[in-house]
Amino acid sequence: MYLSREEERIYEGEKGWAYQVAMKILVKLGDLFNADRLIPIESAHISGVSYKTIGDASIDFIEALSRSEAKARVESTLNPAGIDYEHPEEMIGLLEIREKQDRIIRAYKSMGIKPILTCTPYYIKRPSEEAHLAWAESSTVMYANSVLHSWTNREGGPSALAAALIGKTPNYGVHRPENRRADVIVKVEAELKDEADYGALGIYVGRILRDEIPFLDGLRHPSESSLKHLGAAMASSGMASIFYYKTPYPKRSDKLEVIRVDADDMRRAYESLSTTSEKPDMVYIGCPHCSAEEIRNIAEKIKGRKVREDVKLWICTSRYVRERAAEHVRMIEVAGGKVLVDTCAVVTWIKELGVDVLMTNSAKTAFYAPTMNGVETIYASLDECIEASCSN
Ligand code: F3S
């Protein structure tokens, strides 16, 4: 990969150890994927924030980078952590976990990275169309490429952090127009009623396509939150980082393979996301983190009802959205639900909170929770989730 004189100097270590490490990560990645050069990015979004998911070795690495006084060169933000700092009473109370999570966030902050602690940074600030980004967190990447028309590969935590420090990313993958063309048409013949249906579709499509780029034909006026659930699910079971749902769209060739998705395929996708028919002890909504619109919708459904004593109802979002949806948050909390921030059910310790059965309208959570959290799952619509969590 070609490096400018200044980039070479960083690579040689003239700007210090942290920038050198960051540049080496980017060059390694660029060489691996045949990038021709580094390109400037508008922003970076970094995953690998929860102590639950990254562990001790990563803390040492992030702290070592921060000690050498490296600073992000572009707007940079953080994915959710393992703790809701506003609702510590809802979290496991281990001091050691709290201290380690604090160290991670402190180290990122000292590098100038904003601790927004959400996987929906685009509700706080939308990236520009056609801007190159270095975003980690696969659901965020899908949304950026497919709904917001920005350009980002699926970064891992370390490569997004390296890109933040250098302000550039290697020019490969979907940063190049020729790699953003649809490979296959998916004709959606099943009726999609709500976000859970979009999530089930995403799981099905991700499983059969892996990293091929689909044009989803037959989506009727999907809401942005439906598209968010669709992309998050597709990125969980598959490797794609972009999908199309409107015409015109760029095609790999004039004759694309066509795949059909019918009601039976959807039923099988639903079945694969539920591991039990037991009653839930937690109902979880907010993966990816809720928009203000979703919070309002939940509040209207739950108004005048009471959350059961034996069920936790968690709704996760960012602090930014929580503040802006304050009135609807209050309606949910009066009913007994909790609107949490900074974290989510997957990246915190729900099993240790006594949760054995998790019900959710998020296909991504239902896909990961059995392995990442060791809980049984029930995948259901938002209405069914509200019904199961309320006693009246
Ligand atoms: Fe976000 Fe957690 Fe889901 S980080 S995408 S809410 S697993």
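Me: What makes the meeting of the side chains of Glu 294 and Lys 228 a salt bridge?

Reply: In this predicted model, the side chains of Glu 294 and Lys 228 meet with 2.5 Å from N to O. The rule asks for a side-chain nitrogen of Lys or Arg within 4 Å of a carboxyl oxygen of Asp or Glu, so the pair qualifies as a salt bridge. The count between domain 2 and domain 3 is one salt bridge.

Me: Which helices supply at least two residues each to the side of domain 2 that touches domain 3, and which of the elements gives the most?

Reply: Helices α7 (195-209) and α8 (224-237) each supply at least two residues of that side, and α8 gives the most, with seven residues. By class, the residues on the side of domain 2 that touches domain 3 divide into six nonpolar, five polar and four charged.

Me: How do you know that domain 2 and domain 3 touch, and how many residues of each are in contact?

Reply: Contact means heavy atoms within 4.5 Å, and by that criterion 15 residues of domain 2 are in contact with 15 residues of domain 3. The rule for polar contacts finds four residue pairs across this interface, with both residues at pLDDT 80 or more. The centres of the two domains, taken over C-alpha atoms, are separated by 25 Å.

Me: Why is an area given for the interface, and what is the area buried between domain 2 and domain 3?

Reply: The size of an interface is often given as the accessible area lost when the parts come together. Between domain 2 and domain 3 the buried area is about 1100 Å², and carbon and sulfur atoms give 60% of this. On the side of domain 2, Lys 228, His 229 and Ser 236 lose the most area to domain 3, together accounting for 40% of what that side buries.

Me: Why is the ligand said to lie between two domains?

Reply: The ligand lies between domain 1 (5-177) and domain 3 (282-391) because both of them give residues to the shell around it. The surrounding residues include Cys 119, Glu 137, Tyr 284 and Lys 364, and the largest share of the shell, four residues, comes from strand β9 (residues 282-290). By class, the shell has seven nonpolar, two polar and two charged residues.

Me: What makes the peptide bond from Cys 287 to Pro 288 worth a separate mention, and where does Pro 288 lie?

Reply: The peptide bond from Cys 287 to Pro 288 is cis, with omega near -10 degrees, and Pro 288 lies in strand β9. Both Cys 287 and Pro 288 are among the residues that surround the ligand. The peptide bond from Thr 247 to Pro 248 is cis as well, with omega near -10 degrees, and Pro 248 is placed in the loop between α8 and β8 (257-261).

Notes: Residues numbered from 1 in each chain as written. Predicted model: local features only at pLDDT ≥ 70, side-chain atom pairs only at ≥ 80, totals over all residues. Heavy atoms only, no water. Near = heavy atom within 4 Å. Nonpolar A, V, L, I, M, F, W, Y, C, P; charged D, E, K, R; others polar. Domains from an automatic or database assignment. Buried area = accessible area lost by both parts, 1.4 Å probe. Polar contact = N/O pair within 3.5 Å; in protein donor to acceptor, adjacent residues only side chain to side chain.
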